Amino acid sequence: KLPKKPMEILLVVDSTQGQNVLNQARGFNEAVGITGLVLTKLDGTSKGGVVVSIVDELKVPIKFIGVGEGIEDLLLFDAKEYVDALFP
């Protein structure tokens, strides 16, 4: 039997979209209450810095990151690896 409410409500954000993502996250959170983020398109030059603002403001964790186009490219988020990649 399925629960009456979803266990997780994940917002998938495109890391190349910049500050516009913050407004989308605010609206989505107000409408349904998100429990986590999935950050996609981290395989290119994007660093996904706007996600720091989303996590800080909405107090939701990053659950997964996408670093390619295949299912095998959807990875559990590792904060240390993310920070190390931001500041090599």
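**Notebook: a look through the predicted model**

I began with burial: of the 88 residues of the protein chain, 27% count as buried (buried is under 20% relative accessible area, exposed over 50%, partly exposed in between, with a 1.4 Å probe and protein chains only). For my own bookkeeping, this is a predicted model, where local features need pLDDT of at least 70, side-chain atom pairs count only at pLDDT 80 or more, and totals for chains, interfaces and linings use all residues. Residues are numbered from 1 along each chain as its sequence is written, and side-chain values use heavy atoms, with hydrogens and water left out.

**Confidence.** I checked pLDDT, the predictor's confidence in each residue from 0 to 100. The protein chain averages 85, and 92% of the residues score at least 70. Strand S4 (residues 74-76) is highest at 92, while helix H3 (residues 79-86) is lowest at a mean of 80.

**Layout.** I found three helices and four strands, in the order β-α-β-α-β-β-α from the N terminus. Helices (H or I, at least four residues) and strands (E, at least two) are DSSP runs, numbered from the N terminus.

**Helix H1.** Next I turned to H1, residues 20-32. Its 13 residues reach 19 Å from first C-alpha to last, close to the 18 Å expected at 1.5 Å a residue (the expected span is 1.5 Å times one less than the number of residues). Which residues of H1 are buried? I noted Val21, Leu22 and Ala25. They cover an arc of only 100° around the axis, which puts them on the same side of H1; the arc is that of the directions from the helix axis to the C-beta atoms. The buried residues of H1 pack against strand S1 (10-14) and helix H2 (50-58), where contact means heavy atoms within 4.5 Å. On the face turned away from the buried side I saw the exposed residues Glu30 and Ala31. Just after H1, glycine 33 takes a positive phi of about 70°.

**Serine 15.** I then looked in the loop between S1 and H1, where serine 15 sits. At 6% relative accessibility, serine 15 counts as buried. Its side chain reaches the backbone oxygen of threonine 40 at 2.7 Å, and a polar atom of that side chain lies 3.0 Å from the backbone oxygen of lysine 41.

**Alanine 85.** My last stop was in helix H3, where alanine 85 is found. Alanine 85 is partly exposed, with a relative accessible area of 45%. I also noted 25 Å between the C-alpha atoms of alanine 85 and glutamine 24, which are 61 residues apart along the chain.

Note on methods
Polar contact = N/O pair within 3.5 Å; in protein donor to acceptor, adjacent residues only side chain to side chain.
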